[in-house]
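Here is a short report for a reader who is new to this fold. Look over the sequence and the structure, then read on.

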Amino acid sequence: MTSVINQFLTRVLQTLRSIVRSNRFLAMTTLSGLTALLLVVSQTWVGATGNTWQNASFPVENFQAYTSAFGYRSSPYGGGSRQFHRGLDMAAPEGSYIRNWWAGKVVEVSDNSACGTSVVIESGQWEHIYCHMQGHVERDASGRLYVIDRGGGIQIWEGQTVPAGSRIGRIGMTGRTTGPHLHWGLKYGGQWVDPALVLRAMYAQQGTASNPQISSR
Ligand SMILES: [Zn+2]
């Protein structure tokens, strides 16, 4: 069942990629539709396999507000340019802990881009990206990279597995940002997905739609 759905998703994504190449505007419209479709499919998949997001975690402690949604926006740095925001911004006081959304493996740590000190975690077909964290990247004697945030007692190694809900960093101001927040990006099968839709689906499963602090423990 799972492989049938995965094959279907792969075909949908291939079609989408060809549309993206041929028409950028149409592609954006199609992208929102596809994201909704992906959620329907993933919920079907959940129903078919019994695998759920029941244990998935809201990614921020002390959450205050969603400050920038996924999609086109005018540049927060002025200049009147429009850009596509590939994630959801979640404000929280500096130093608040960031929690891993879903169990997976750390596939990248970095501190030299606009994303700031960041980790990328892979959970099956999903990739979740956490930006602007406190701390920085170091390399051990064997060349293995890790994020170190001594003040927060955090050390995250590239290649390590992380359970859902575990603390993987703290809200900071590294990279390109105008205030303390988590920029949370999500990809499914290599395509950016609106994290708000995923959170909504997750709340629906967990039956806690009114409370974003579902996983504080
Ligand atoms: Zn952002």
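## The model and its chain

This is a predicted model: local features need pLDDT of at least 70, side-chain atom pairs count only at pLDDT 80 or more, and totals for chains, interfaces and linings use all residues. Residues are numbered from 1 along each chain as its sequence is written.

The protein chain has 3 helices and 15 strands. Helices (H or I, at least four residues) and strands (E, at least two) are DSSP runs, numbered from the N terminus. Of the 217 residues in the protein chain, 31% are buried. A residue is buried if 20 or more other C-beta atoms lie within 10 Å of its own, exposed if 12 or fewer, and partly exposed in between; C-beta atoms are placed from the backbone.

Among contacts between residues at least 6 apart in sequence, 65% join residues at least 24 apart. Two residues are in contact if their C-beta atoms, placed from the backbone, lie within 7 Å.

## Strand β8 and its partners

Strand β7 (residues 117–123) runs antiparallel to β8, joined by 6 bridges. Two strands pair if DSSP finds at least two bridges between them. Ile-121 has His-128 in β8 as its bridge partner. The hairpin of β7 and β8 has 2 residues between the strands, and Gly-124 there takes a positive phi near 60°.

β8 also pairs with strand β14 (residues 181–188), again antiparallel and over 6 bridges. Cys-131 stands opposite His-183 in β14. Trp-126 has Tyr-188 in β14 as its bridge partner.

## Strand β14

β14 is mostly covered, with 7 of its 8 residues buried. Strand β4 joins β14 through 4 bridges, and the two run antiparallel. Here Ala-91 stands opposite His-181.

Strand β15 (residues 191–193) is joined to β14 by 3 bridges and is also antiparallel. The bridge partner of Lys-187 is Trp-192 in β15. The hairpin of β14 and β15 has 2 residues between the strands, where Gly-189 takes a positive phi near 55°.

## The nonpolar cores

Which residues touch the most other members of the largest nonpolar core? They are Ile-98, Val-119, Tyr-130, Ile-156, Ile-168 and Leu-182, out of 25 residues in this core. β4 (88–91), β6 (104–110), β7, β8, β11 (154–157) and β14 each give two or more residues to this core. The largest share, 4 residues, comes from β8. A nonpolar core is a set of buried Ala, Val, Leu, Ile, Met, Phe, Trp, Tyr and Cys residues joined through C-beta atoms within 7 Å.

Leaving out residues up to four places away in sequence, Val-119 touches Val-106, Val-109, Tyr-130, Val-147, Ile-156, Ile-168 and Gly-169. Another core lies apart from the largest one. This other core has 10 residues, among them Trp-53, Trp-101, Val-193 and Val-198.

## An open sheet

An open sheet of 3 strands has the order β9-β10-β11, with antiparallel pairing. β9 (136–139) and β11 stand at the edges, each with a single partner strand, so one side of each has no neighbour in the sheet. The twist averages 30° from one strand to the next. Axes for such angles are lines fitted to C-alpha atoms, for helices over the stretch in contact, and angles run from 0 to 180 degrees between N-to-C directions.

β9 and strand β10 (residues 145–149) are joined by 4 bridges. Glu-138 stands opposite Tyr-146 in β10.

## Helix α3

Helix α3 (residues 195–206) has 12 residues. From its first C-alpha to its last, α3 reaches 16 Å, close to the 16 Å expected at 1.5 Å a residue. The expected span is 1.5 Å times one less than the number of residues in the helix.

Pro-195, Val-198, Leu-199 and Met-202 are buried in α3. They cover an arc of only 100° around the axis, which puts them on the same side of α3. The arc is that of the directions from the helix axis to the C-beta atoms. What covers the buried residues of α3 includes β4, β14 and β15. After α3 comes Gly-207, with a positive phi near 70°.
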